[in-house]
Amino acid sequence: MVVTDPIADYLTRLRNAIRANHRVVDIPASNLKKEMTRILYEKGYILNYKFEDEGPQGSIKIALKYDKVTKTSAIKGLKRISKPGLRKYRGSDSLPRVLNGLGIAILSTSKGLMSDKEARSEKVGGEVLCYVY
């Protein structure tokens with residue numbers, strides 16, 4: 001199956017797994033998806049991840065994080081911002097704040113993928129890929 005927007009496919013697979021209360025989700029791998037997974041892990045939105053090199057493409061196994069008491073996911077929402085039909089770029093002085101700093105925006109910058117807070121400290125702008133909250 002040909003996917004025209006791999007980032008939207010990645011976010012949709014995560015969103016569907018969360019709604020179905022799955023513990024682990026399997027996603028086809030790419031370098032961009034691996035970096036997005038690393039950012040989600042560092043910011044505490046997922047429990048763990050593992051890169052598997054099976055087949056021509058490989059896959060990413062992501063262990064989702066849930067609250068023990070209320071059984072709700074650490075990820076409340078995933079929103080794709082920059083789409084293939086309309087790219088959204090922001091400078092370092094006008095980077096978005098997701099839920100007044102409670103969420104993160106993942107950006108593709110000249111220094112690689114990073115969260116909005118890291119981009120502010122590095123003083124770089126770039127393409128706003130998605131919001132996670």
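Biologist: In what order do the elements of the protein run from the N terminus on?

Modeller: In this predicted model, the protein has 3 helices and 8 strands. Read from the N terminus on, these elements follow the order α-β-α-β-β-β-β-β-β-α-β.

Biologist: Why is the protein said to be as compact as a globular protein of that length?

Modeller: The C-alpha atoms fill a box of roughly 40 × 40 × 25 Å along the principal axes. For 133 residues the globule rule gives 14 Å, and the protein is as compact as a globular protein of that length because its radius of gyration is close to that value, at 15 Å.

Biologist: Which element gives the largest share of the largest nonpolar core?

Modeller: The largest nonpolar core has 26 residues, and Leu14, Ile62, Leu64, Ile106 and Val132 have the most contacts inside it. Elements that give two or more residues to this core include α2 (31-42), β3 (59-64) and β8 (126-132). The largest share, 6 residues, comes from α1.

Biologist: How many residues are in the other core, which lies apart from this one?

Modeller: In soluble globular proteins, nonpolar side chains tend to be buried together. Here a separate core includes Leu95, Ala119, Val124 and Val128, and the number of its residues is 10.

Biologist: How far apart do the centres of the positive and negative side chains lie?

Modeller: The protein carries 25 positive and 14 negative side chains.

Notes
Residues are numbered from 1 along each chain as its sequence is written. This is a predicted model: local features need pLDDT of at least 70, side-chain atom pairs count only at pLDDT 80 or more; totals for chains, interfaces and linings use all residues. Side-chain values use heavy atoms; hydrogens and water are left out. Helices (H or I, at least four residues) and strands (E, at least two) are DSSP runs, numbered from the N terminus. The radius of gyration is taken over C-alpha atoms; the globule rule is 2.2 Å times the number of residues to the power 0.38. Lys and Arg count as positive and Asp and Glu as negative; His and the chain ends are not counted. The place of a charge is taken as NZ of Lys, CZ of Arg, CG of Asp or CD of Glu. A nonpolar core is a set of buried Ala, Val, Leu, Ile, Met, Phe, Trp, Tyr and Cys residues joined through side-chain atoms within 4.5 Å. Buried means under 20% relative accessible area, exposed over 50%, partly exposed in between (1.4 Å probe, protein chains only).
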